[in-house]
Amino acid sequence: MRTSRLRTVHPVLWAGWAALAAGAVLCVVGWYGVSGERFAERQLPYLASCTVPGAALIVSGAVLLAHGRSSIAAARVEELYGLLVAAEPADADEAGQAVLAPLAVSGELLMVPGGTLWHRADCPLVSGKAEAVPVDSKLVASGELGPCPICEPAEETD
């Protein structure tokens with residue numbers, strides 16, 4: 001369930017975008033200054049005062065943006081973890097342990113041709129699939145098919 005709060009933009013992201021913009025402006029000013037000078041000794045001040053700091057600001061802005069996005073992702077993971085921990089299971093016994101209902105309870109066993117697992121008929125992996133066929137007991141006995149870890153069918157076949 002999503003909360004309807006406004007997303008806040010972290011200051012790290014704003015600082016990253018500002019550093020990228022300032023670096024781009026400095027690089028353009030440095031390029032413009034260098035392009036107007038014919039001799040290398042007159043171009044060096046533009047390189048030293050504009051282009052090099054501009055490139056440094058672009059790199060630092062990219063690092064800040066990457067860090068800001070990872071911190072946002074970490075905050076979202078923490079929020080989801082808090083929601084999961086705070087949620088109490090609907091079916092809990094008196095000891096506080098969750099009572100898990102079986103995922104599939106059908107006695108009919110099915111397999112998908114070419115597959116490696118056998119399933120209960122109401123297993124979510126095969127329910128509604130037209131290509132699912134009844135389990136061949138020879139394949140189960142030879143070990144070519146294993147039980148589905150989702151629905152955990154019984155070892156004996158029909």
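A residue is called buried here when its relative accessible area is under 20%, exposed when that area is over 50%, and partly exposed in between, with a 1.4 Å probe and protein chains only. By that criterion, 20% of the 158 residues of the protein count as buried.

The model is a predicted one, in which local features need pLDDT of at least 70 and side-chain atom pairs count only at pLDDT 80 or more, while totals for chains, interfaces and linings use all residues. Residues are numbered from 1 along each chain as its sequence is written, and side-chain values use heavy atoms, with hydrogens and water left out.

**Whole chain**

Select residues 11–35, helix α1, together with residues 40–86, helix α2; their axes come within 7 Å and cross at roughly 160°. Each axis is a line fitted to C-alpha atoms, for helices over the stretch in contact, and the angle runs from 0 to 180 degrees between N-to-C directions. Angles under 35 degrees count as roughly parallel, over 145 as roughly antiparallel, 65 to 115 as roughly perpendicular and the rest as oblique; α1 and α2 are therefore roughly antiparallel to each other. The residues of their contact divide into 24 nonpolar, eleven polar and one charged, where Ala, Val, Leu, Ile, Met, Phe, Trp, Tyr, Cys and Pro count as nonpolar, Asp, Glu, Lys and Arg as charged, and the others, Gly among them, as polar.

Now select the four strands, which form an open sheet of mixed pairing in the order β3-β1-β2-β4, two strands being paired if DSSP finds at least two bridges between them. β3 (133–134) and β4 stand at the edges with a single partner strand each, so one side of each has no neighbour in the sheet.

Begin with β1 (residues 109–111) and β2 (residues 117–120), which pair in the antiparallel sense over three bridges; H119 in β2 is the bridge partner of L110. These strands form a hairpin with five residues between them, and G114 in the turn has a positive phi of about 90°. On one flank, β1 and β3 pair in the antiparallel sense over two bridges, with V133 in β3 as the bridge partner of M111. Elsewhere, two bridges join β2 to β4 (residues 146–147) in the parallel sense, and there W118 stands opposite P147.

**The cores**

Finally, show side chains for L110, A121, C123, V126, A132, C148 and C151, the seven residues of the largest nonpolar core. A second, separate core of six residues includes M111, W118, V135 and L145. Such a core is a set of buried Ala, Val, Leu, Ile, Met, Phe, Trp, Tyr and Cys residues joined through side-chain atoms within 4.5 Å.
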